[in-house]
Structures are given as C-alpha cells and as structure tokens.
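My notes follow in the order of looking.

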2 protein chains.
Amino acid sequence: MKYVTIIDIAKELGISKSTVSRALAGDCHNVNAETMRRIVETADRLGYQRNELAVNLRRQHTQTIGIIIPEVVTSFFMNFIEHAQRLLRKDGYRVIVAISNEDPAQEQENLRMLEQCRVDGILMSVCHHEANIESYQRMIRKGIPITFFDRAVEGVEASRVVVDDYIMSFLLVEALIRKGRRRIVHLAGPKHVRNAIARSQAYRDALRKFGMEADARYVVAGGLNAEEGAAAMRRFVEGGLPFDALFGFTEMATLGAKSLLQQLGYRIPDEVALCCMSGTTLCTLVHPEITAVEQPLSAMAEVACRLLIHQIEHPDAPKEEVVLRGDLRFRAST
Amino acid sequence: MKYVTIIDIAKELGISKSTVSRALAGDCHNVNAETMRRIVETADRLGYQRNELAVNLRRQHTQTIGIIIPEVVTSFFMNFIEHAQRLLRKDGYRVIVAISNEDPAQEQENLRMLEQCRVDGILMSVCHHEANIESYQRMIRKGIPITFFDRAVEGVEASRVVVDDYIMSFLLVEALIRKGRRRIVHLAGPKHVRNAIARSQAYRDALRKFGMEADARYVVAGGLNAEEGAAAMRRFVEGGLPFDALFGFTEMATLGAKSLLQQLGYRIPDEVALCCMSGTTLCTLVHPEITAVEQPLSAMAEVACRLLIHQIEHPDAPKEEVVLRGDLRFRAST
DNA sequence: AACGGTTGCGGGAACGGTTGCGAAAAAAGT
DNA sequence: ACTTTTTTCGCAACCGTTCCCGCAACCGTT
C-alpha cells in the first residue's frame, strides 16, 4: 500500500508539486485562492498525510523532543511525560520517550537512538549521577540541548530544574524529631543518584542539629521499588534495633516497608511514624495516609519544557537552573 | 552545528559515498576489508551517527512502532510500555508513545501523528469502544497494522489480545457471595469502555446465579481514578443503603473508595469486603491487601508485540485474537 | 508604449542515505 | 596470452518535501 504524496495531488490536478506544497503549507500569499481550494479538496479526498520524514530531512530539524526517564515504577515520571507532552504539543513538538530502567548502558543507547532520530532537544532524568556525563556533553556539543529534570547532574552545560531535596528532607526529619521520635530509620536511596545523597545528608544534619549523631546502623539501603524497600526493612527489623520512625528516600520503597511493618503488626503511627520524599497521591490511598514531600509535578514539567524550548531557540543563551520547592504534607502517619 | 554525514566521511577518505554506505551497513561482501576498516575508523573518529530520517525515507518503512495508551493513572499501561519497548528493541524496532488521556479526539490526533511519522504498526488500547472505529479502519486500509491490547474494539480487521474479563469478574463476585456477602456494591467503569461492560455483566450474572437480582442502586459509576472512586463511594454511603462488600471495576477507583471507607471508620474486611479487577502491586501495598484479578502484564506485552510484528511481516495473514487469563489473588480484604 | 510591481506558478536543487548496474582491476582458469 | 570470474568501487536514481529562482501574465502609472 502506497501513501499518497504531493506529487500524486499535483498530477491529479495537472499542476506542479511546488504549488501543492505551498498550498498545503497555507502560503495564501503565493497561491491563488481557487487553486488552494482545489488542492486542499483533493488532498483530503485522496487521504493525504504529510510525510514528516521527508519534511524533517529537508528542514534540518524534526520538531520532536526526546524524553528519557530512568524508571516506571513511580507514577511521577509517567505523569511528568503526560504533562510535558501536552505542553510541548501546544508548541508544535512531538515527543518520543525512552526508558532507561536504571541502567546507564541502556541510557546511553537511548541517547544514541534519539540522536539518530535527530530530536531537537532532550528532557531527561538520569539514572546515574556521573556514569554518562561524557555522553551528555557529546550530545550538547553536537548541538542537541538537554534539560535535566528532577535527577540532574553537575558539570554539564545544560539547564535543569530540580527540587530542593536537602531542605525538604531536613524539614521532614526535623518534624519527626520534634514529635519526640529519636530512633529514626533512614531508608536511603542508591548512592549513584544525586537526590539520594542530598536526602541522606539532610537526615544526618537534622539529627546533628538536635545533638544526635547519625548511627550508621539506622541507615539502610532501601532501593527504589516496593520489594526492595520491604526487603531492606525486614533486614533491619531482624537486626533487632529499637526504632520509632522511618524516613524514606522515595515513595515506593517506603510503601513496601510500611506494608511489611503492618504485616508484622507494628501500629502506625503509634509505634512507628512514617514519612518519605517524593510522595504522590499514592500516599493518600494507603491507610494511614503518609506524610510526604510531594514533587511539584506540573510546575516542574512546565519549567523544564520552557527551559528546553528556550535552549532550542537560543542555542547560545546561558543555561539556567531552577530550584523548585517541594510540598510538605503532614498526614496521619506522623 | 552540522551533523557529520557519509559524504563527509567519503570526502575525508577520497572515496564515494556509496562505498561508505555499504561499509557502514556491514556489507563485507562488496567492500574491501582494509577500506572497511578505514571507513569505520574515520566514522567514529568524526562521531558519525546515521540519519534515520534519510534511511527511513529511502526504505519505505521506519522500524518504529507507535503505542497509544488511554491514561497514565494506572501503572499498568506504563509497565506495558516498558515491557513492549524492551521486546521490540530486540527486534530492531523503536517505539514512540502517545497518551490519549481518555479523550477520543486526542486519540484521533495521536493516530494522525503516528501516520505522519510513518510508523510500521500500532499497539493500542482504546479510550472509547466505538468512537474512533472509522479511524482505526482507515489506518489499517492504508497498510498500518494495529494490534489492540487490553481495551480492544469489535469489528475492525486487527489482531488483539485481551483478558477474559467476564469470567474473572464472575469468579470474583462469586467468591464474595460464597463468603456470605449479600449486599455487594459495584463500582462500575464508564460505559464507553468494553471491559467495563463485561465486568458489570458478570456482576449481574453472578448475583443471578445465586438467585439474587442486581439492584441498580448498588451499581455506581466509579470513574477511572482515585478521586472519582472516592467521590462515587461517598455518594453511595450518603445514600444510606446497607452494604457489606465492594466489587471494583478498576484498581485506582477501588483504592480511592477504600481510602474513603477507612476514613469513615469502616473496618475492612469485617464490615466490608473489597476486591477489584486489574489490580497491580499497589493492591499489596495498602492495608489490608486487596483481593484482585491481576492482568497478565508481561504475557500480554509479549503476545501483543508478537501479533503486531507478525502482521507487519505478513500483511495478508489472518488476524488473531488471543484471550489471556487473569490471575485471581485472594488477599486480606475479603 | 514603455516600465516597475505584484501575483501565481513551475523547475530543479537540495536534505542524507540506499541500491541496481556497470566498469575497471585483479585473480583465476585454459 | 586470452578468456572468464570475482572483487571492489563509482554513478546515478530514488525516497517526499521545501524553497530559491525565474518566468510569464497582468496591473496601474507615467
């Protein structure tokens, strides 16, 4: 089955493809109104759909931007994509998304794929805070601007929009302490993601502020999903140390831990208080609802898209960094 | 910034671009080993990346398939994408995803966009069981095969893979009845999605099997997300009718309802038993864990990809329908 | 009648690859 | 030494658009 092209339309009407092209581009300044009408009419009589491949090859840009996300276990990234897609569509951009699965090699492959497809720019959240820095720089040198969101990296000529993890984490832990909790378990994130480092640092600093020193035994690697979070929690509980609160690096791991604790009969928040960073509506669906810092999702998408488009349109403009404030929601779990 | 092309490589080495093209395509039968080596060497010295636009324009296919999903509130669809992407990548296909947001107009727009990008095939879950049938047919007539997954439609020349909603729903409701529940609320899905209809029918039939007639007041429109589910539940509770169980059309709406019930002080499962269709791991993260029928996610992705690729490679092969069995998991909520 | 300006359209060269065909050169067979 | 075959490569067409240029017709002005 062949697609119909502007040449087919031109032949049908006995005119040149140039005119058809102009008419379909809406160039009413250079084509007669009546000719225009006939072209448009036969175009959709024949079911013509412009071949974007040809268009993109000719113009030297594709009007598509790539989005690379590290994972899909959290609804955050998917929701980000949904927002970004709606925003970008308004500005005439298509979107192509690639999932890295927390694997730097796959991320690199995604980058290469997007370059081959000649995307005009990339919105990305990295899966490792330094593994692929070379690749990001190469991409930017080639003229493909990148805007990092949420999980950003240092030392790259790119705009970025992040959340103030440190401050919000600090506030969260501080709140736990003020409620009288003293033995706070920290479900930490993997050391290769920058946000995890900031959150853990905040945990330590908050304890120190109240004259406590962080006990390394209370900091456990919680992973990124529910299973890993539950497993980490189980190991800690079996270790036998007393505890009365939990500060989670991320939502799913925390929910996994919570689920386990409830299975083991712990009462929340009486025996153990719970809170975490990067919570979503999920935190309000479990019982009891969980105190969390929510990512400013739509603001982040809005800013990221704006920064990226600005970079595309002004390649030499200075890069910007926008720090958004998370939204601390106190709920029944603390 | 200009991309480097095969012509740049050819000039650099003083040979023709044909040879470069052949070398880079790995055609060792038609190019000298030494020449090949030099070409490959300068290619990555110059940082050459093939322009897929040009390739796709020349060959008349793009090696990319489009995935259209109706929403992102459920983790199901994004997990499907993740699986499908991994599978398709193995077969050399790129993926471009589009989100319809439960809006037929947007879905149609997505279809158009994918056609313009000349995808080789489409994997889709519809947002309305009949609104865009015309569009699907047009797409297929033009030679773009579609494979429907999960939310399929009737009367279109396309392969599809679905879950046996009716049977699984029936089993779920039957199980509630056998546990002695008699006043079962049904959080129904929107009437424009086929799966919702099947599930509601199963609810009525299961009741009838036990000599009960479905009371229309116990069937409430539950919507698709948590907020809508909670709102629907609130309306029902305020209606004052007695009830001892809830059968939800979908997970998020059910979780929303559950959350509300717990807020209102209902004890689960003692006072009201809960279960739903299309559950995911979320059902195991809430307390108590919820009995649900889980979609055979990876099997569905695997089958859908296989069916689509088969259609792409054999345009005239008969279309297939695969019905997968859901996985009923009894948990604490019943 | 000559002239400058506008309007409407066609010709054709790109964009960056792939690929069939043919030719030159090299190798092999007689 | 003369075919024949094989290897290796260049030429040119093609994919579907866009867009620059040029040409003709028509207009109003002097």
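I count two strands as paired if DSSP finds at least two bridges between them. Helices (H or I, at least four residues) and strands (E, at least two) are DSSP runs, numbered from the N terminus. The model is predicted: local features need pLDDT of at least 70, side-chain atom pairs count only at pLDDT 80 or more, and totals for chains, interfaces and linings use all residues. Residues are numbered from 1 along each chain as its sequence is written, and chains are lettered from A and ligands numbered from 1 in the order in which they are written.

**Entry 1: the six-stranded sheets.** I began with β3 (residues 121-124) and β4 (residues 146-149) of chain A, which run parallel and are joined by three bridges. A:Ile122 stands opposite A:Ile146 in β4(A). Both strands belong to an open, parallel sheet of six in chain A, with the order β2-β1-β3-β4-β5-β11. At its edges are β2 and β11 (321-324) of chain A, each with a single partner strand, so one side of each has no neighbour in the sheet. From one strand to the next the twist averages 15 degrees (axes are lines fitted to C-alpha atoms, and angles run from 0 to 180 degrees between N-to-C directions).

In chain B I found an open sheet of six strands with parallel pairing, in the order β2-β1-β3-β4-β5-β11. There I looked up β4 (residues 146-149) and β5 (residues 159-163) of chain B, which run parallel and share three bridges. B:Phe148 stands opposite B:Arg160 in β5(B).

**Entry 2: strand β10 of chain A.** Which strands does β10(A) pair with? Three bridges join it in parallel to β9 (residues 273-279) of chain A, and three join it antiparallel to β12 (residues 327-329) of chain A. A:Cys275 is opposite A:Thr291, while A:Ala292 has A:Arg329 as its bridge partner in β12(A). A:Thr291 and A:Val293 point one way from the strand, A:Ala292 and A:Glu294 the other way, and all are buried (20 or more other C-beta atoms within 10 Å of the residue's own, C-beta atoms being placed from the backbone). In a regular strand the side chains alternate between the two faces of the sheet.

**Entry 3: the two chains.** I took residues as in contact if their C-beta atoms, placed from the backbone, lie within 7 Å. By this cut-off 37 residues of chain A touch 37 residues of chain B. α4, α5 (75-90), β2 (94-99), α6 (104-116) and α11 (251-263) of chain A each supply at least two residues of that side of chain A. I also noted that 100% of the interface residues of chain A are interface residues in chain B too, so the copies meet through the same surface.

A rotation of 180 degrees with 0.0 Å of shift along its axis superposes chain A on chain B, at RMSD 0.0 Å (least squares on the C-alpha atoms of residues with pLDDT of at least 70 in both). The two copies are thus related as by a two-fold rotation axis.

**Entry 4: the DNA.** A residue is near a strand if its C-beta atom, placed from the backbone, lies within 6 Å of it. DNA strand C has 26 residues around it, the closest being A:Ile15, A:Ser16, B:Ser18, B:Ser21 and B:Ala54. α2(B) gives the most to this surface, with five residues. DNA strand D is surrounded by 26 residues, the closest being A:Thr5, A:Asn51, A:Ala54, B:Ser16 and B:Ser18.

Note on methods: Contact = placed C-beta atoms within 7 Å. Buried ≥ 20, exposed ≤ 12 C-beta atoms within 10 Å, placed from the backbone.
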